[in-house]
Each structure stands twice: as C-alpha cells, then as structure tokens.
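Subject: Structure handover

Hello,

Here is the structure you asked for. My notes follow below it.

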Amino acid sequence: MKPLAPLEGLELAEAASAPGATIRTRRRLRLSWSMRIGLGILGVYVTVAMLSVFWTPYDPLAPGVGDSFLPPGQDFWLGTDRLGSDLLSRLMTGAQYDLGITLVAVAVALTLGTILGVIAGYYGGVVDVVLLRGVEMFQAFPGLLFAMLIVKAVGPGVLNIIVVMSFIGIPDYLRLARAEVQARRNWPYAEAARMVGNRAWQVAFLHLLPNSIGPVLAFTSINAAFVALITASLGFLGLGLSPNTPEWGNMIARGQDAVMTGEWWISFFPGLAILGMTGAFYLLGDAISDLTDPRRRR
Amino acid sequence: MTAALLSIDRLSGGFLGADGGIAPVLDAVSYDLMPGQLTAVVGETGSGKSLTALSVLGIQPPAFRRTGGRILFGGRDLLSLDAAAMRTIRGARISIVFQDARAAMNPVFTVGRQMADVFRLHHGGSARHAMDRAIEALGRVRIPEPERRARQYPHEFSGGMAQRAMIALAALICQPSLLILDEPTTGLDVTIQADIMTLIVELCRDQGLTACLITHDLGVVAETCDAVVVMHAGRVVETGSTEQIFTAPAEPYTRRLLAASQLGEPV
Amino acid sequence: MPPLLRLILRRVFWVLPVALGVVTITFFAARVFAGDPTELYAPPDATDALRALIRIRLGLADPLWVQYIHYISALLRGDLGMSFSTNRPVLIDLWDRLPATLELGFTGLTIGILLGVPLGVIAAVNRERWPDFLVRGVTLGGMALPQFWIGLVLIWVFFVTLNWLPGPVGRLPVGIDPPSRLTGFMLIDTLAAGRPDLWFMALKQLALPAATLGLTTLAPIARVTRASMVEALQSDYIRTATAMGHTNRTVWFRHGLRNALLPVVTLIGGVAGHIFGGAVLLESIFGWPGLGQYALQAIDSSDFAALQGFVIYASLLYVLAFLVVDILYMLIDPRIRQ
C-alpha cells in the first residue's frame, strides 16, 4: 500500500468555512444569562450602596426611630429591630460595608497574589519553593480561625478586615497564576518574545500573564463570594466591626435572640442581602469560566 | 438485484446555532449498503460522511437537527424508532468501530470487562462465560496473550492493539449484521494501518458482514472495498463500484480527489 | 514496596515539615495576635507582684523562644500542654469534644453526599432543561447563603414556628443526663445503654444542625458532580457505550459517574477536612459542644495551648483527608495506580 497524503489542503479550506466556526464566534460575543443576571444584581447593589451614602428612609444608626420589634409594614417596610432602628435603612447602608470590603479586599489579593504567582512561576527555583511552601502552611491553617485571630488582635475596623481578607486570598491567586505561567513559560511564543529582545519581566507580565489570566479571573468571582461570607461570619461573631455597625452579619447576630421568640425579620433580611450578593458573584464566576475555558464552551 | 441492507434516503439536516437557526450540513444524502459488501464512504473532513453514519445509530452530536429523510434498515425507518427500540438495534444489529480506540474505551474498566459487559447485554449468560468469549475474541483479532491483555486497561494498550480490541468488540462480541467503521485506521502508523485493514476485510468475509468504511484514505478503498460513495460538502457526489470510480470517475470532484491522492489520472 | 504503602509513607514525610510550620506559626501568631492572657486571669486590682506570679504560673515569664522550645519538646512527648481556661490537659479536652464534632460531621457529610451526587447527575443528564436549572438554582443558594443564617432559619421554622424539633441546646435536651461514654457518639451510646428514648431525643437534637450542614455541603458537591459529569458525558467512551446498546442508566452511572468521580472525591476531601475541623459558627448557634466551640472559646480567652492544640488537630485532619482522597483516587482510576 502506498503512503497517501490525506487531503490536507482541502481539509484546511473546509475547516475555515465549516459552519461550526461561525457559530462559535457568535456565541462568544453573546453575553450569557448568568453573566447578565450577575452583573444586573451587582449593579443594583452598587447603586443601593451609593444611594445610601446620601439618602436612606431613616437614620440607619439612630435607635428609636420607631417602636421596637415592629414587623414589616407600611412605615417600616422591613420592620424594626430591638432598638427600634429601621431595618431597611440599615440594610441599605450595610451594602457600603459588605460590598466595599469585598471589592477592595479582592482587588488587593488579586493584584498582589497574581504578581507573586507570576514571579514564582516564571523564575522558579528558590523563589518558587519558598513562596509555595509558605503558601502551603497558611492553607493548612483554618481560614476563618486565622481571620478571627488577627481581627481580634488588631481590633475591629473596616481597614483591618480588608487587610485580613486580602491576606487570606493571596495564596490562592499565587498558586493559580504560578501554575498557569509555569505551564506556558517554555511555549514557542514565550521563546519568540525572549528572542526578539524582551526582558524577563516583560515576557512574564506582558506576554505570559495576559494568556494566563482566564482561570485567575474566574476564581476572582468565587473568591469574592467567599470573602463576603467570611466578612459576614466575622460580623456575626461580633469580631469585625463595632456592634452598632449595620454590616449584614452583625445585623443577623443582633436578631439571633429575637428569632427564638418569633421576631424573624431582623435576621432574615440581611441573609437575603448576602444571598443576592454572593449569588451574583458565583453567577459571574460561572460565566467567566464558560468564556475562558474552551472545554466548557459548547 | 438484491435489496439493500441499509438505505439512507435523502437525509438532510444541520447544526442548531445559538441564534436558533440551523446551519445545513447534510443535503439529501442517499446511498445504499448492499448485503455482504464492503462499501466505502469517502470525502474530506467536514463532508458529512461521519455524521451520516453516526445518525444511523442515533449517536450524532446533540446539536444536530434532522430536517428530512429516512434511514431504512430491514424495512424499518430507524429515525422513527423510540429509545427502547433503538437500543435493540445498537450493538446487536448495527455496530461501530470508532477512530481513536483508546479514547473510545472506558479508561476505568479493563478491556476484557468492557467486552464481557457488552456480551452479556446482548447474549446473556454468566460473567465467567462472557469473559471467556471476550478473551476468545481478543485472540481472534490476533492480540497476543489474550488472557493477560483482557485484564489490562485501555491506556496499557498501544493504538493498534486498542483498535484490534475495538474491532473484536464491535464485530465478534456484538455479532451485528452491519458494521460501521469510522476512520478505523486514522492516526495509526502506516504499517499498522495495513494490518488493521487486512484484519477488517478478513473478519467481514468470515462473518459475512455488511460493512461501511468511512475514510478519507482512497488507497485503502482501492484495495479492499466493493463499492464507493463519494461525499463532498454534505452531498453525495457519485456512487459506483470501486472499479468504476477509480477507472472512470464521472464527476470532476471525484477526479480531483483521486488526483490529490495520486491514484487517478491527472485532471 | 506496594504503591499504597509508598503513598502513605510519602504523605507522612510530607506532613512533618508542614505540621512543624503550622505549629510554629500558631505559636507565634497566638502570642502576637491573641494578646496577653494575664489580664484575663488577674483581678482588676492585682499588684504587679501578683501579675508576675500569674505570668509564671501560666508559663509566660520566660523569653518567647524558651517557651517555644518547651512547647515543642513537650509536643514531641505527646503533651499538648494545659488549657488556661479549663485547667485540664488540652489533649483531654480535645478528646472529650471530638465525638460531638465527628457525629455532627458524619451525619451532615452523609446527607450532603447522598443528596449532592445524585442531584449533580440528574442536572448533568438533563443539561439545559428544567431539572438542571432547578438544581443549579438551589445549589447556588446553598453556596451563597451563610451557614449560620440557614441554621437560624431552620430553627425559626422547625422549632419556633412549627415546634416539630427541639431548640438549639446541644446534643440532649436540658436536664437530661447523657449515657456513660462508650464511643462518645450519642446515637451509639444511648443504644448501648439500652435507652431508645434517649436515642430518639439525641436524634431530634441532631436533626437541625445536621440538616444545616447537609444543605451547605450538598451544594458544592452537586455543582462539582454536575460539571464533571457534563464533561464525562461528552467523551468518546460514552458514545461507545451508547453505540453498543447499553441503557441510559448503565451509560450514566456505570460509565459516566465512575469517570466523573475524581473531582468530586477531591472536593469531598476538602469539605470533610473543613467539617471535621469543627464548623465553628454552626456549633455556636446550636450550642453543640464540639471542637469548633472549643476553638472559639480559646480565641476569646487567649488560651494559647488550647488554640495551638486545636490548630494541630485541624491541620493533621486536613492531611488525613487528602491521604484518604489519594487512596480513593487509586481505587477509582487505574491510570493513577502505576
């Protein structure tokens, strides 16, 4: 039998005009439903947070704007708590805390973690080993406990929580970025970038990083949801912020005893607020990984 | 003239796009498979030859939508069968050998176990008996040490060995009346390709199988097949006996195809 | 050497440096971050001399590195030190509380796996149809809600409103004496003591916290199972299994699920490490006397030895969980066995 060239030229031409190709490009440009819903919800939260700076129905911090334990009704849409503060006003103001802390902490962790990860992945060697071992030790440490310990030491405060949350997030970003960059370090295009005279940092950050960022970005959303939940947990334990702060976890803790006597609304609504925000982050995470991971694309 | 075992009759369809529209890929595809013959379906990647064959078994990609046509097998339209009736056809009456046999077998079960499972599905009997038949089948496709090989996993097989096992599964374990071979030699070394083709032809003759060989390798076709169907861009361009197609191709596309394979006269 | 033994040995050698690192970090972090516990134990009007005495009693008078060496050498003898607040050896404290955490954890994890895996499979085989959307919606909620809030809502519904289940007061109703400890598992010890009435009480106490844990556990398990199944169902061997005439059930569960299990097992390992490390907030809501509460109290009272003991336990558990995952990997996937 003669060795035969399988119709290579024809195949290429066919592939270019294959119906699948156009379908796929069109899909990528279309925003998925999870992306739209996630962005929509986050948009509402941002709007509410900004609005609450200027206006809330009542003073969120003032006690006694109504009677204690008023159920949801006409004057107080979501009711009042034990001190007679308006829950809706507190919930709106809470968006400033929960959303603000989450966004800033994630941004810091993303930036620092990715930079360290790219360095570890690109240079390898001692730097890599030291960073990775350090990360491993921190990850064997229970995360919430660690946050509690530090927050207890440095005291409550928005800035402190942000620092702690970023610190907890850094190891994951570092590992992700490292793995991606390391896998691509010796690919032909990196080689080519070095060959035409780019410096090491230019190859690492300008050529490798943009190609490695997909999984990192998808993780960012998941991480944001996690940070939001831990922030609320700290608030629930009374460790995060001063007791009267209308942070959602704080508010749930404040209504905990009332739940036992049937005044459910004080703890209930802040939970829904958290659900909306973290849910939106998860939806975004799903959408981003669908976009960036070719295997998950249909 | 005898009746065809399988008759594809003006099969049309396309892929469902994200916008809800259908991008056509098959345009009134018709061809017959005559009993006892080895028919080749040739064409480029994307010509629709594999898609047509997968449609016969109802295992086409989920995005494929049929817009018309029938597939007649033993007088029944396969496309009108419900899921349960279709299952009695799959494997038992029509079986298939896939391109990359190592990926086509389940990585977490031994090769023997997978064959024995299928044997019991179609013929019943004890697990012990089924495993014996599996080992016997592996021996028939000339796999050395079949007892030991049956206890191994697909990743422990070479590409050629895995394809032999796949053929044993599809032809000898299933014992179908129609065997579809979807690019069975693509991706294998040239010498191994020849061995595999020899094996396929031999098994088909011995078992009296009707077979449909889907390939883009015209060299294989010239030496082994009885009839040829040429497909291009979702349409059947030309059908005929192997001799007819290779010596007196009627269509320009067929001539170009032969020329590209350095088999026919230059155009 | 058999591969299994080699794996275990490798894990053990890997755990030693990590454990030492964790211990060291905890030791210094506790002393830097948790504050000076002397104030907690000294009366407000204590003299400097009394304070100094307390510091000596608590073992805090020596320089930090001397304390560290003392601690490590005691640790090597299996001595985790004394808890400041309970005045008992930390090891005994942990041992006392371990069964409560394990009983809750096992129950919750079992619920999570038994519901989560089938839900994930159902969603995957009905991809982009209503069962899929339903499962995805519910599990999204399970992931996005704080565990403590779910616990509170369940208490509100089933205890406060319906009064079907008892309130959050721990493992047995208030005023009921537990049976003598045999295993420490309430559901076993009550039966061993021949007290089905107590067994039923214990079960009712366990129901709400276990359901909360189960709900929050099933969400990630179902999602990972779904994603992994979707990928497995697109592979060639699934097409082969279908083409050979296998039924859908065989194709999905025997051929698909088995291949989709690896990521699920990894996830369950991580979740288990978390759960058995003590669900801190859950235990505090339900008054559950487990290790999570112990850790919380240790932080509150700057109880160094107790905190360190807990962290050592939690990190060892993590390593153990991943060892089990590795062993399961070898059982599931023949490609990893070599």
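What share of the 298 residues of chain A counts as buried? The figure is 43%. A residue is buried if 20 or more other C-beta atoms lie within 10 Å of its own, exposed if 12 or fewer, and partly exposed in between, with C-beta atoms placed from the backbone.

Some ground rules. This is a predicted model, in which local features need pLDDT of at least 70, side-chain atom pairs count only at pLDDT 80 or more, and totals for chains, interfaces and linings use all residues. Residues are numbered from 1 along each chain as its sequence is written, while chains are lettered from A and ligands numbered from 1 in the order in which they are written.

Confidence
The model scores ipTM 0.89 and pTM 0.84. Chain C has a mean pLDDT (the predictor's confidence in each residue, from 0 to 100) of 87. In chain C, 98% of residues reach 70 or more. Helix H2 (residues 38-41) of chain C has the lowest confidence there, at a mean of 72. Helix H5 (residues 90-125) of chain C has the highest, at 94.

Chain A
Chain A has 11 helices and 0 strands. Helices (H or I, at least four residues) and strands (E, at least two) are DSSP runs, numbered from the N terminus. Two residues are in contact if their C-beta atoms, placed from the backbone, lie within 7 Å. Take the contacts in chain A between residues at least 6 apart in sequence: 69% join residues at least 24 apart.

Chain A with chain C
This contact takes 32 residues from chain A and 32 residues from chain C. On the chain A side, helices H5 (125-140), H6 (143-154), H9 (200-236), H10 (248-260) and H11 (265-292) of chain A each give two or more residues. H11(A) gives the most, with 8 residues. That side divides into 22 nonpolar, 7 polar and 3 charged residues. Ala, Val, Leu, Ile, Met, Phe, Trp, Tyr, Cys and Pro count as nonpolar, Asp, Glu, Lys and Arg as charged, and the others, Gly among them, as polar.

Chain C with chain B
Here 18 residues come from chain C and 21 residues from chain B. H10(C) gives the most to the chain C side, with 7 residues. The residues on that side are 6 nonpolar, 7 polar and 5 charged.

Helix H11 of chain B
In helix H11 (residues 252-260) of chain B, the buried residues are Thr254(B), Leu257(B), Leu258(B) and Ala260(B). Seen down the axis of H11(B), they fall within an arc of 160°, so they line one face of the helix. The arc is that of the directions from the helix axis to the C-beta atoms.

Best wishes
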